[in-house]
Amino acid sequence: MVFSQVIHFLQNHIYYIGAFGLIFIGLLIILVKHNLIKVIIGLSILETGVNLFLIAVGYISNGTAPIFSNPSVETQRMVDPVPQALVLTAIVIGVAVLALALSLAIRLYQHYGILDLRQIREQKW
Amino acid sequence: MDDAGLFSGGPNPILLVVVPLGFAFALPLIGFVSKKILKYIPVGVFMFNLVVALRLLPLVLKQPILVEIGGFSPPFCINLVAGPVGILFSALIALAGLLVAVYTLVYIKEGPEEKYHILYLLLLTAATGVVLTGDIFNLFVFFEILCISSYTLVAYVGNRAGIESSVKYLIQGAVGSSLLLIGIGLLYGLFGTLNMADLARQIVSVGSSSAFIPMAFMITGLGIEAAIFPLNSWLPDAHSSAPSSVSAILSGIAIEVGLYAVVRILFTLFGLSSFFLFFVFLGVLTLLIGEMCAFSQNNIKRMLAYSSIGQIGLILFAFAIATAYAVTGGLFQMISHTLGKGLLFLAAGYMIVRSGSMEISSLKGMGKRMPLTALAFTIGAFSLVGLPPFIGFPSKFLIIRSALAEEALIFNILIGLILLGTVIEGAYFFRVVQVIYFQKENEHQKRHEAPVAALIPMFLFMIAIVAIGIYPKLVTGILDSAASELLDRVDYIRSVIQ
Amino acid sequence: MSLELLLIIAFGGAIVTYLLGKISCRIREGFAVLISLSLVVMIACLYGENGTESIYFHFLGLPLIMRTNMLSWFFAMAVSALGALSVIFSLNYMKNRERTDFYYLMLLMVNASMLGIIFSGDLISFFIFWEMMSWSTFLLISYNRGPAVAAGLKYIIMSIIGSMAMLVGVLSLYATYETLNMATLAELIGSASSGYLLFLLIIFSIAFAIKNALMPLHTWLPAAYAEAPTPFNGVLSGMLTRMGMYGFLLIMYVIVGATRALNLGSGLFKFHYILAWLGAITIVIPTFIAILQDDAKKLLAWSAVGQGGYMIVGIAVGTNLGLSGGIFHTLNHAIYIVLLFMCVGAIQYRTGGERDLNSLGGFIKKMPFTFIGTLLGISGLVGIPLTNGFVSKWLIYKTLILEGYPFLAFAALIGTWGCILYCYKFIHHIFLGQLPGKYQNVQKAPFSMLLPMIILSFAILFFGILPGIPLKIIDTIGTSFGFKSMNVTIWGIASETGTLNTINIFAAVLIVSIIAWLMLKIGPKAVSVAQEDTYAAGAAIPKDKYHYTVDFYNPLYRMITPYLKDFIDAFYMKFAHWIQSLCNGTRRVYTGYVGNYVMYIVLFLALLIFIRLKWSL
Amino acid sequence: MQMIEMILSPLLALIIGIFFLGLSRKIMARIQWRYGPPITQPVIDVIRLFSQKSVSHGKLFNLGIIFSLAGSLVLVLFLPLAQICPLSGSGGMLVILYMMLLAPLGIALSGGESANPNTSIGISRKFILALGYEVPLLLILLALMTHYKTISIVHIVSIQQNTGWAFVSLPLLLSGIAYVLILPAILGIRPFEVVQASQEISSGPMAEYGGPFLALATIQHALSLFIGIALFVNLFLGGAGNLLIFFLKMLVVFVLVLFVNAALPRLRIEQAVKYLWRWPTLLAFIGMIIVLIVRR
């Protein structure tokens with residue numbers, strides 16, 4: 001009984017759980033890892049989590065694509081298209097940030113010869 | 001594109017965003033034609049923007065102009081809301097952008113200049129977009145453009161400090177934008193719309209407390225750019241490592257746009273007035289931390305950066321009081337900070353170039369070597385401290401006045417703390433002024449003034465500071481209606497969704 | 001003559017002077033003198049105009065008002081006259097110095113903003129001009145570099161603290177009464193509770209006490225006076241510091257009103273009584289500190305702190321005599337302290353900036369006019385009868401004794417006795433005794449320095465012998481505050497509890513001096529001998545340094561020095577250091593490690609949500 | 001009438017002062033089992049000095065002594081001698097207090113001009129000592145003025161004539177005692193003779209005076225003796241209705257003070273000031289508080 005409830009819950013919320021799991025993992029990596037590359041990976045995971053979350057907001061189980069030209073599809077089962085549009089934008093932005101971060105990492109390495117954020121602390125106080 | 005704006009007498013507000021954006025992308029193409037012309041493009045663009053914004057200003061004071069993109073009417077379309085606040089900020093951005101662009105003509109001499117100008121245009125486009133948009137996802141997008149171009153501009157020089165600060169800024173900024181996006185997602189999940197007016201209407205009907213969690217995410221995300229206390233760790237690094245012209249924009253425009261977004265979210269979207277007291281405290285805390293950190297700096301740009309934190313604290317404090325007077329004061333303080341801090345960074349920039357060091361002690365004898373720049377710095381410093389007859393005085397005056405109108409004892413204590421912050425602020429600014437004018441210089445150095453193109457913007461800043469300081473009526477009329485736009489949610493909703 | 005025009009001339013004149021300096025020094029100097037003199041004339045013409053108010057500007061919706069009355073005329077006259085004299089004195093003193101354009105700009109600016117303060121009819125313009133005065137003074141104090149930098153910083157920080165306090169007061173009035181017009185406020189404030197009035201008086205007193213260097217808030221003054229350019233000392237000590245006095249008068253007697261201000265608190269803890277006590281402390285302690293000083297300007301600086309105490313005591317007692325004494329003492333003190341600073345300036349000018357008392361001496365032979373000026377100056381400072389200082393002190397003492405404040409009177413009188421010690425030290429070390437070898441060729445002070453000194457010396461005697469002239473004006477001020485009129489005669493005060501008659505004293509002194517002089521003339525004419533040719537009881541006389549100056553009051557120093565360290569200043573400095581280390585500690589928040597920064601972000605988010613759950617806002 | 005008084009009063013003061021000077025030498029000599037000079041000796045000295053040559057160190061050297069003498073003479077005009085008080089209505093006690101400054105200041109200016117270290121040391125001591133005794137003196141005088149509610153010395157005398165001596169009236173008793181304790185210091189005699197200290201610093205401020213200068217200085221000294229005692233008589237012993245009684249009162253006080261002078265050795269300046277700031281000040285302070293309590 002309890003088990004089936006859990007299963008049901010998981011079925012309904014699996015995307016949210018996954019999304020927040022990823023977000024949590026991403027934040028955790030950023031918090032505890034000192035290597036810049038790992039932190040960037042963490043950022044990437046965080047972003048993925050956020051994107052997944054956005055998709056999940058608009059997702060309906062067993063939904064169809066929101067294309068009105070096909071009259072056989074009922075509008076109730078259409079997936080909300082707006083989050084997908086958002087996610088597309090967000091992914092693009094994420095890529096830009098990621099690329100910038102990596103290029104900065106290269107330059108940082110050129111300057112310091114190291115990527116440990118604990119030791120790259122000339123700018124402080 | 002809806003043409004309503006075009007035919008109502010004034011230029012279409014969308015030009016404010018489209019023109020600089022278009023030129024930003026056209027810049028590489030123009031670069032093929034002539035490399036020399038590149039640096040004049042931002043000047044032209046922002047002059048255009050300034051003219052447009054100033055022409056729009058009297059119109060929007062009567063009636064906000066809505067621009068609906070894509071042919072739908074709100075809440076379904078992406079729209080721009082050019083109210084008094086938006087146009088006021090656009091004008092401010094265009095003004096600062098123009099003056100700093102003129103300064104840049106001579107200041108930026110090395111590095112990939114073309115990219116600098118592209119990013120510069122993008123940064124200010126994004127800032128204009130943030131203040132004009134009526135849609136939270138668009139807000140996010142513009143914010144990201146703003147952030148990415150700032151990350152890059154911070155690292156523009158490519159030295160150790162710049163890269164390091166940029167990386168740190170990027171990490172915090174990326175976390176912030178993720179949080180913002182989560183907030184937006186939550187809001188969309190709850191209300192199924194992204195239009196601010198529509199969201200506000202729905203939140204009004206269900207009560208603002210139900211939307212608290214998204215608000216918390218959004219405030220945290222935007223707060224990073226707005227430099228509210230625990231979220232502002234990137235600021236001193238980034239502002240001090242960026243080229244001075246960029247610092248002027250970051251300090252003068254970027255964080256204020258961030259704060260604008262926070263305020264817009266708080267006031268218009270959620271109207272969560274029970275939570276304002278928290279922001280009052282937060283503002284005072286930010287102010288004190290900023291001023292105290294600035295007090296013990298040896299690096300002039302770092303000092304100015306921390307001082308920006310202090311100013312942001314004051315502005316946040318003013319907004320969080322949320323009375324008409326206070327919001328007017330907050331907006332006034334924003335203008336005063338943009339002008340004052342812009343001037344300070346520009347002046348400091350050339351002093352640093354001439355002395356070759358960012359140490360405050362190396363500015364000795366600048367009063368003699370570059371008297372006009374030193375004068376500019378002094379006026380900026382006096383203005384920020386809040387001395388009459390400069391612009392800092394009326395703005396601080398309004399804020400303290402509105403805080404005193406609050407009866408609660410706690411406000412009296414907070415005013416005391418703010419004034420304490422002002423005293424500390426005075427102490428470090430006057431110390432620098434003394435170093436510039438009155439410290440014994442090591443050897444007799446010859447006069448070596450900043451180039452004319454750098455002096456002109458400084459002079460214009462100074463004129464603005466003194467003129468508004470003596471005659472605050474120049475802006476108070478606009479500020480009053482801007483404040484009422486910020487405070488009056490219902491009116492905002494009604495004006496967007498007819 | 002409209003006041004707006006006056007201010008425009010004052011401020012515009014300052015700027016034009018600066019610009020003219022770029023063309024030629026002589027034109028600039030001529031113009032500066034012209035402007036300052038024309039201000040004197042214009043203000044003199046305003047005599048008797050009473051209560052005319054004019055709105056000249058709107059600032060943030062507040063009307064800015066200018067008005068004249070007797071009080072402002074009196075102060076404005078003093079400011080402009082002393083300002084003009086200082087400008088004249090500067091002509092030679094500042095010659096061939098660096099940044100003279102800047103100097104004149106700021107000097108005239110300070111004067112202009114003081115006039116602005118005085119003519120303000122509302123508190124907001126009062127505050128604006130007050131701040132302008134503060135920062136322009138700051139720029140001038142630091143002018144000399146070196147130790148002047150620290151002095152200037154100390155001044156401006158204390159000044160900002162004061163003006164912040166004042167801002168709170170002004171804005172609180174505005175928030176309560178929706179107006180800042182002084183005349184309207186004076187009417188409206190009748191309905192205020194005594195607690196609110198007390199708050200107002202205290203908050204304004206902080207600002208004015210700092211400016212007037214009242215005892216626990218005086219620490220900026222000695223350093224600032226000592227390091228400021230000497231001609232500016234005239235303005236600084238004469239009127240600028242006394243803007244605090246003007247402020248006290250304004251808030252206590254114009255805005256709050258005499259009857260209300262004098263009835264706040266109860267018993268020994270009445271506001272004005274405590275203020276008077278602070279004034280008394282300010283008289284005594286700085287006077288004794290002044291005795292210890294070996295630096296001419298520091299000595300005068302501490303003396304100025306002490307003399308400020310008299311004024312405060314005078315106006316805080318709250319009688320017509322005390323008030324008149326306080327106001328009159330402000331004028332008198334301005335006259336003689338400016339004169340004394342000018343004398344120091346003349347000495348500095350001729351000796352190349354020497355102001356250490358112990359290395360001077362014997363200048364009476366070289367600079368006789370300066371000596372006479374100094375002699376009259378210290379006579380005024382001590383308050384010897386027939387000098388102006390005597391009259392004002394007499395008024396203050398009399399009211400203190402008759403109103404039953406003997407301890408305050410004691411403090412005031414003992415201050416005078418301490419004053420003699422340092423005054424004698426001052427004149428003895430500089431002018432009497434042996435002339436050091438290196439100053440054998442010192443010239444007389446140039447005419448542009450002597451002229452203001454002569455005018456001021458004359459003023460000291462004039463106001464001392466005929467005090468009725470200024471006292472009549474001051475009496476008008478007193479009656480406008482609601483005090484009983486004094487029985488002013490041309491020679492002083494007539495009353496049944498003790499009359500002052502300076503003419504009698506003058507006649508007696510004159511006759512008696514002639515008699516004494518004749519007595520001296522009876523004997524054979526004395527043989528003039530060189531100064532070193534003295535009776536030394538057979539001891540060999542060293543030629544180089546024979547003059548007894550160092551540690552002049554050595555036994556006294558040993559007794560009082562341990563008690564007179566500037567504890568207050570030390571406390572402030574300690575406090576400042578504490579703030580500094582606090583600031584230094586605060587910035588460690590920004591650790592430089594980005595992991596911490598992200599932690600702050602997450603914690604902030606958590607805090608927001610926590611607050612929400614905890615208090616369900 | 002006033003003119004006559006104006007001439008009479010200083011003359012009387014001068015005569016009494018010089019007489020006291022002579023008397024003091026005689027009495028001191030008798031106490032020390034010497035014969036002593038005749039009482040007229042100071043008069044003879046002064047006349048002789050006027051005929052002697054002298055040296056001058058400059059204009060201020062001359063002016064200072066004139067200043068000093070003038071100060072003392074004017075001060076006499078403010079003091080009521082029995083019923084004679086030429087300048088009664090010109091400022092009262094406060095002027096007297098200030099006029100007491102003039103004499104030492106004049107001597108100091110004159111002596112300072114001479115650049116003699118002995119003189120300077122003497123002056124320094126004089127001022128320190130003055131500061132020492134002014135603390136209790138001011139308290140005493142303020143107590144008197146507060147008690148009688150007037151600053152006019154003539155009023156103080158006339159009130160005492162009606163109600164009895166201040167010295168024996170209870171509220172002012174302590175003040176009176178304190179005044180007695182500091183009277184030697186005001187007069188500058190032992191144990192407070194550090195200023196002159198002829199054996200140590202060659203008569204201090206007087207060191208450079210000779211001839212007419214010394215004569216004037218002697219006259220000034222005589223006057224200051226007179227003033228110190230007359231002030232006490234006026235303030236605490238009720239003045240007098242006629243000159244004879246006034247003179248007798250002064251004489252009694254002076255002789256008593258002379259005994260102190262003869263009996264005590266000289267104090268160092270610190271010891272003197274410490275003494276003055278301790279017991280007399282304490283008494284005067286308590287006296288003042290009593291006066292205040294009575295007044296309430």
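Author: Two strands pair if DSSP finds at least two bridges between them. Helices (H or I, at least four residues) and strands (E, at least two) are DSSP runs, numbered from the N terminus. This is a predicted model, in which local features need pLDDT of at least 70 and side-chain atom pairs count only at pLDDT 80 or more, while totals for chains, interfaces and linings use all residues. Residues are numbered from 1 along each chain as its sequence is written, and chains are lettered from A and ligands numbered from 1 in the order in which they are written.

Reader: Which residue in the turn between strand 1 and strand 2 of chain C has a positive phi?
Author: Strand 1 (residues 53–59) and strand 2 (residues 62–67) of chain C pair in the antiparallel sense over six bridges. In that pairing, E53(C) stands opposite R67(C). The two strands form a hairpin with two residues between them, and the turn residue with a positive phi, of about 55 degrees, is L60(C).

Reader: Chain B has strands too, so which residue is the bridge partner of I69(B)?
Author: Chain B has 21 helices and two strands. Its strand 1 (residues 65–69) and strand 2 (residues 78–82) pair in the antiparallel sense over five bridges. In strand 2 of chain B, the partner of I69(B) is I78(B).

Reader: How many residues of strand 1 of chain B are buried?
Author: A residue is buried if 20 or more other C-beta atoms lie within 10 Å of its own, exposed if 12 or fewer, and partly exposed in between, with C-beta atoms placed from the backbone. In chain B as a whole, 69% of the 498 residues are buried. Strand 1 of chain B is largely enclosed by the rest of the structure, because its buried residues number four of the five.

Reader: What is the radius of gyration of chain B?
Author: The radius of gyration is taken over C-alpha atoms, and the globule rule is 2.2 Å times the number of residues to the power 0.38. The C-alpha trace of chain B spans about 70 × 65 × 40 Å along its principal axes. For 498 residues a compact globule would come near 23 Å, which agrees with the value for chain B, 21 Å.

Reader: Over which residues of chain B does pLDDT stay under 50?
Author: pLDDT is the predictor's confidence in each residue, from 0 to 100. Chain B averages 87, and 96% of its residues score at least 70. The stretch of chain B that stays under 50 is residues 1–7.

Reader: Which chains share the most contacts?
Author: Two residues are in contact if their C-beta atoms, placed from the backbone, lie within 7 Å. Chains A and D do not touch, their nearest C-alpha atoms being 56 Å apart, and chains B and D do not touch either, with 40 Å between their nearest C-alpha atoms. Eleven residues of chain C are in contact with ten residues of chain A. Of the four pairs of chains in contact, the one with the most contacts is chains C and D.

Reader: How many residues on the side of chain C that touches chain D are charged?
Author: Ala, Val, Leu, Ile, Met, Phe, Trp, Tyr, Cys and Pro count as nonpolar, Asp, Glu, Lys and Arg as charged, and the others, Gly among them, as polar. Here 62 residues of chain C are in contact with 68 residues of chain D. Those of chain C divide into 42 nonpolar and 17 polar, and the number charged is three.

Reader: Which residue of chain D is the bridge partner of V527(C)?
Author: Strand 5 of chain C and strand 1 (residues 55–56) of chain D run parallel and are joined by two bridges. The partner of V527(C) is V55(D).

Reader: How far apart are the end C-alpha atoms of helix 4 of chain D?
Author: Chain D has eleven helices and one strand. The expected span of a helix is 1.5 Å times one less than its number of residues. Helix 4 (residues 92–114) should therefore span 33 Å, which agrees with the distance between its end C-alpha atoms, 35 Å.
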